[in-house]
Amino acid sequence: ANTWTFNIYNMNYMYFSGLHFEGASKPGTGGKYHYGVYMHRTDGYAYFNKCSFTKLQYGTHINSKCWVYGVNCQFKDNTVGFDSYNTRGHYTYRCRFEDSSYGSRARRTDHAYAYYNQHSNVRYSEDIFDVKNSYVYRCQFAAKPATNGTIAASDGVRVYRSGATITECNFDSPHYGVYGYQNTKLQVSKCKIRNPRAWSLYSTGTNRRADNVTIEGEGKRRVYGVYFNDDKGGTASFKNTTIKGVSYALAKGAGKVDFKNVEATDSYMGIYNLSSSKHFRLDPTQTLKLKNNYFAIYSYQPPSSVGKIELVNYDITDNNYAMLTYYSPITIDRCNISGNSFGAYINYATKADIRNSQFNDNQRKNGTTSFYGCLVRSEDTNIKDCQFNCNRMGLDVGVIRPKKADVKEGGAVFAVVVVDLAVPDIGVGCNVCVIPEWVAAGVSTVGCGWR
């Protein structure tokens with residue numbers, strides 16, 4: 001019938017054990033919707049033990065200031081499985097959710113706990129809205145292929161405006177592994193995410209931390225690692241984390257970041273510095289390894305929203321492009337950008353300050369072509385005490401071509417200063433330094449050892 005099997009109110013304690021609730025057909029088919037248990041104005045607790053809910057619009061919907069427990073229960077082919085709203089606590093233990101739109105959903109409650117649950121082909125598996133503190137521990141999330149080989153979208157843990165701690169969980173082929181929006185806390189540890197279909201970890205808000213997390217993609221485009229953004233300027237912390245075989249391993253938005261023993265490898269972009277990032281810095285306090293990526297660092301920030309990029313005493317080796325940036329002012333100091341196919345490519349920067357750094361042996365790797373150790377296009381370029389050794393082309397310095405109205409007598413309006421470079425002559429076509437003829441009049445070179 002189009003009504004609740006049990007409609008309960010004004011009770012203190014309710015205990016359900018071994019009951020089976022089943023609709024005549026899956027929700028929405030035949031114009032019929034079937035419902036399980038509805039409770040409101042109930043104190044104490046509502047406890048479901050070894051119950052099953054199948055083909056229901058709602059398995060449970062508890063709207064009361066009580067504790068809600070689901071233990072060893074089964075949910076299959078439902079629109080919403082285990083649902084609570086405005087409760088004191090939402091607790092699930094060793095429950096199984098299959099082929100449903102929502103698995104376990106907790107909204108506007110003080111606490112939510114999910115222990116040892118299993119989710120298979122659930123669109124939103126653990127769904128947490130406006131919960132002060134939530135804990136997801138040792139749960140399994142899987143999206144299984146259909147008979148035609150396609151995999152339906154299936155999110156593991158979705159956290160909105162809540163605090164969440166997620167520990168020792170496995171995610172197999174999720175759409176989003178963990179999706180967080182405006183979180184007060186999101187801490188993910190000892191989790192494995194395999195073959196993501198969208199973002200493995202996506203988070204906006206504050207107090208974000210990932211520790212001992214492994215993300216492994218299939219090397220396909222349009223699948224992603226970690227996105228983090230904090231408009232309040234907080235710090236996202238990553239420790240003992242490995243990301244491999246995705247499009248963007250780490251996408252940095254607003255806020256700061258701290259890396260400790262992190263690897264981003266075999267991906268299209270190791271780091272994608274987004275337009276919302278106002279300051280991105282890598283230095284010896286950040287232990288981040290970028291290896292075998294197409295772009296180790298990629299940054300595109302439109303002129304209307306540029307942030308500063310700083311690399312200080314940091315090495316980038318064994319990638320296709322070490323870095324490709326657009327528009328952002330950049331500092332490279334005491335860095336080793338060597339052993340890539342392409343070195344540092346800096347485009348349309350308002351300022352480029354490069355000093356005490358090495359750009360060596362950036363040549364053909366893994367069947368790719370190669371070209372410059374360092375290419376700079378900037379309005380204001382300062383390069384000092386750098387070494388270019390055994391690149392196909394050592395250094396290419398130019399400026400953003402000015403409009404005719406910006407060209408004054410004696411040269412264009414720009415500054416290029418190149419001082420004390422070591423550019424050994426080790427063969428024809430190696431380490432040629434290029435300064436376009438049309439800007440040469442505005443270039444100051446002092447003590448440079450190139451031919």
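Four bridges join S17 to strand S20 (residues 178-183), and the two run parallel. Strands here are DSSP runs of E, at least two residues long, numbered from the N terminus. Two strands pair if DSSP finds at least two bridges between them.

Before going on: this is a predicted model, where local features need pLDDT of at least 70 and side-chain atom pairs count only at pLDDT 80 or more, while totals for chains, interfaces and linings use all residues. Residues are numbered from 1 along each chain as its sequence is written, and side-chain values use heavy atoms, with hydrogens and water left out.

Back to S17. Val157 has Val178 as its bridge partner in S20. S17 also pairs with strand S14 (residues 118-129), in the parallel sense, over five bridges. There, Asp127 stands opposite Arg158 of S17.

How many residues of S17 (residues 155-160) are buried? Six of its six. Buried means under 20% relative accessible area, exposed over 50%, and partly exposed in between, with a 1.4 Å probe and protein chains only.

Now Arg158 again. Its charged end sits over the ring of Tyr124, 3.8 Å from the centre. The criterion: NZ of Lys or CZ of Arg within 6 Å of the ring centre and within 35 degrees of the ring normal. Arg105 lies over the face of Tyr102, at 4.7 Å from the ring centre.

Next, rings with rings. The whole structure holds 60 aromatic pairs. Rings of Phe, Tyr and Trp (its six-membered ring) pair if their centres lie within 6.5 Å; planes under 30 degrees apart are stacked, over 60 edge-to-face, the rest tilted.

Take Phe141 and Phe171. Why is this pair stacked? Because the planes are at 5°, with the ring centres 4.7 Å apart. The pair links distant parts of the chain: Phe141 is in strand S16 (residues 140-142), Phe171 in strand S19 (residues 170-172), 30 residues apart. Phe141 is buried, at 5% relative accessible area. Phe171 is buried too, at 2%.

Compare Tyr300 and Tyr327. Their ring centres are 5.9 Å apart and the planes are at 85°, so this pair is edge-to-face. Tyr300 is in strand S33 (residues 295-300); Tyr327 is in the loop between strand S36 (321-326) and strand S37 (330-333), 27 residues apart. Tyr300 is partly exposed, at 36% relative accessibility. Tyr327 is partly exposed as well, at 22%.

Last stop, the surface. Tyr15 is in strand S2 (residues 13-17). Tyr13, Tyr15 and Tyr45 make a nonpolar surface patch of about 350 Å².

Conventions:
Patches are made of residues with over 30% relative accessible area and no salt bridge: like charges are joined within 9 Å, nonpolar side chains (Val, Leu, Ile, Met, Phe, Trp, Tyr) within 5 Å. Accessible areas come from the Shrake-Rupley method with a 1.4 Å probe; for residues, only the protein chains shown count as cover. A salt bridge is a side-chain nitrogen of Lys or Arg within 4 Å of a carboxyl oxygen of Asp or Glu.
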